[in-house]
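Please open the structure in your viewer and keep the selection panel at hand.

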Amino acid sequence: MDKMKYKGIIFDFNGTLLFDSEKHLEAWREYSKHLRGTPFSDEEMRDYMFGRTNEDIIAYAIGKKPDPELVERLGLEKEAVYREMCRNDRENFKLAPHAEELLDFLCENNIPHTIATMSGIENVEFYIEEFKLEKWFNLDKIVYANGKIPGKPAPDIYLIAAKNLGLKPEECIVVEDAVSGINAAANAGIGKIIAMASMEPIELYKKMPSVGEIITDFSQLDKKQFYIKATTKI
């Protein structure tokens, strides 16, 4: 049982707060077929897509560093298709199970929290609008792919997110679903990494020594591991 008390939490978004990995898979399979003639395999998706920037994904698909114009054009096209898929699937396009309950708890107890996602600004603004994220998050503290931050597994995105919360990386929990994101959090020196098994099998995460806990929905996340001031209650 983890006895450490953590002061804040950072969420990856896609596949974590929003179970949308299948939609990204479908969209990128089509684009990888267009780019190189064959779709990405499941292993390639896991190793080279999740948690990566569009530039990283396109570079892998074509085997060389792409021109910025190509990255922008293909990325915007793919993300527009993805957002349309989300709009057309209202039944499933909602925050992950028990996410709202956990976010309410974090807000009520003044526990610092934010999002660190490799999604671009178009998708982030889409999520903010669709899910009314301003209810739970300080939007200025959300970290997203702005063209300057290296893709995961580079630690930068989690170092920036922890700094935005005014915390040291080791004082934070990160919730991730992507292998590259878990490695990014580990590289950043995050205190505890919780793997959200939203699509991948639990066995995958059991093989990763940096993963401290594995969950399949947010009701399983133990709220007692947060440092809470004596004036508040769990």
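How many cavities of 30 Å³ or more are there? The count comes to 2 cavities of 30 Å³ or more, where a cavity is, on a 1 Å grid over the protein atoms alone, a set of points where a 1.4 Å probe fits but cannot get out. The model is predicted, so local features need pLDDT of at least 70 and side-chain atom pairs count only at pLDDT 80 or more, while totals for chains, interfaces and linings use all residues. Residues are numbered from 1 along each chain as its sequence is written, and side-chain values use heavy atoms, with hydrogens and water left out.

**The enclosed spaces**

Select Ser21, Arg46, Phe50, Asp177, Ala178, Val179, Met196, Ser198, Met199, Glu200, Leu204 and Tyr205, which line the largest cavity; lining residues have an atom within 4 Å of a point. About 70 Å³ of space lies in this cavity, a volume being the space filled by probe spheres set on the grid points, which are joined across faces, edges and corners. Its lining divides into 7 nonpolar, 2 polar and 3 charged residues, with Ala, Val, Leu, Ile, Met, Phe, Trp, Tyr, Cys and Pro counted as nonpolar, Asp, Glu, Lys and Arg as charged, and the others, Gly among them, as polar.

Next select Phe13, Ile115, Thr117, Val124, Tyr127, Ile128, Leu133 and Ile142, the lining of the second largest cavity, whose volume is about 40 Å³. This lining holds 7 nonpolar residues, 1 polar and no charged, and its largest share, 3 residues, comes from helix 6 (residues 121–131). Helices (H or I, at least four residues) and strands (E, at least two) are DSSP runs, numbered from the N terminus.

**The largest pocket**

Now show Thr53, Asn54, Met118, Gly120 and Ala145, which among the 44 lining residues of the largest pocket lie nearest its centre. A pocket is an open set of points with protein on both sides within 12 Å along at least five of seven lines, and here about 810 Å³ of space lies in it. Helix 4 (68–87) gives the largest share of the lining, 8 residues, and helix 1 (21–36), helix 3 (54–62) and helix 6 each supply at least two. The lining divides into 15 nonpolar, 14 polar and 15 charged residues.

Which residues have the most contacts inside the largest nonpolar core? They are Phe11 and Phe218, in a core of 36 residues, such a core being a set of buried Ala, Val, Leu, Ile, Met, Phe, Trp, Tyr and Cys residues joined through side-chain atoms within 4.5 Å. Strand 1 (8–11), helix 5 (99–108) and strand 3 (172–176) are among the elements that each supply at least two residues of this core. A second, separate core of 27 residues includes Met118, Ala145, Tyr158 and Leu165.

Finally, centre on Thr114, which lies in strand 2 (residues 113–115). Is Thr114 buried or exposed? Thr114 is buried, because its relative accessible area is 0% and buried means under 20% (exposed is over 50%, partly exposed in between, with a 1.4 Å probe and protein chains only). Leaving aside residues up to four places away in sequence, Thr114 touches Ile9, Ile10, Phe11, Phe137, Lys141, Ile142, Ala161 and Leu165, where contact means heavy atoms within 4.5 Å.
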